[in-house]
Amino acid sequence: MEQHAHGYLAREADEHGFIHYPDEENRIWHDLIVRQQAALPGRACQEYLDGLNKLNLPQDRIPQLGDIDAVLQQTTGWRTAAVPALISFGRFFGLLADKAFPVATFIRRREDFDYIQEPDIFHEIAGHCPLLTHPAFAAFNETYGKLGLGADKTERVFLARLYWFTIEFGLVGARPQERRIYGGGILSSPAETEYALSGRPEYREFKIGDVLRTPYRIDRIQPIYYVIDSVDTLFDIAQTDIMSEVRDAMRKGLFEPHPSLAD
């Protein structure tokens, strides 16, 4: 059985937990991952590359979630959770709090090859799952999920900016020449992988109060990236009083949007 999701079909597993993907979808996976891997050297952070090596993703077919789970369970105690497509904030936070990373079981069409607004299986597995083998990245996601469960609607909007500028579009490296990518939104897009370290965007030191007040758009290439010193910095962020920072950011209000975000 398949579920409709904004024009995409999420594949459902059979009674053995196996998802049968059509040949063309496996070919799309192959073309995406070959292109992505060509863009990674010198750009992706070492922790991501280490995780990619542990996952040992196939090139010829979309991986089965059980294969991903076996590696995640062994490294950080995480697993994946198959979801139809976009899910509610409540479900999203609940899964993360339970050390389960949501993965939509559909893959983009060729006409959406370069960019898709809703996260597909390539974005989730190739973009995020390698770093879920790293304890700091895993701990940050779990903490984020627990905070989100307890947050109200307005607080969740501010929390979303923290996730956006770290897990999705974060950079790492104390010095410019050491700067690398760890955000899955960048790493699942070869064009943005190249752009992110090109010197054209604005690079800002990570300050949680600033991050929470920075507007973004999902339909534009990012004009601003926040840079943490190391992936282990995510441990430090997770251990700060994030909700106090959120309430402070709500009192102060948002920064002016970057000019490139205007229509």
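Helix α7 (residues 153-168) is largely enclosed by the rest of the structure, because 13 of its 16 residues are buried (buried means under 20% relative accessible area, exposed over 50% and partly exposed in between, with a 1.4 Å probe and protein chains only). Helices here are DSSP runs of H or I with at least four residues, strands are runs of E with at least two, and both are numbered from the N terminus. The model is a predicted one, so local features need pLDDT of at least 70 and side-chain atom pairs count only at pLDDT 80 or more, while totals for chains, interfaces and linings use all residues. Residues are numbered from 1 along each chain as its sequence is written, and side-chain values use heavy atoms, with hydrogens and water left out.

At its N-terminal end, α7 is capped by Asp-152, which has a side-chain oxygen 3.1 Å from the backbone nitrogen of Thr-154. Then there is the partner helix, α6: the axes of α6 and α7 come within 10 Å and cross at roughly 170° (axes are lines fitted to C-alpha atoms, for helices over the stretch in contact, and angles run from 0 to 180 degrees between N-to-C directions). The two helices are therefore roughly antiparallel, a label for angles over 145 degrees. Among the residues that meet here are Phe-137, Phe-140 and Tyr-144 from α6, and Leu-159, Leu-162 and Tyr-163 from α7 (contact means heavy atoms within 4.5 Å).

Just after α12 comes Gly-253, with a positive phi of about 85°.

What about phi elsewhere? Most residues other than glycine have a negative phi. Asn-56, though not a glycine, has a positive phi of about 50°; this residue lies in the loop between α2 (46-55) and α3 (65-75) and is exposed, at 63% relative accessible area. Lys-99 isn't a glycine either, and its phi is positive at about 60°. Lys-99 belongs to the loop between α4 (89-97) and β4 (100-104), and counts as partly exposed at 29% relative accessibility.

Note on methods: A polar contact is a pair of N or O atoms within 3.5 Å; within protein, one must be able to donate a hydrogen and the other to accept it, and residues adjacent in sequence count only if both atoms are side-chain atoms. Angles under 35 degrees count as roughly parallel, over 145 as roughly antiparallel, 65 to 115 as roughly perpendicular and the rest as oblique.
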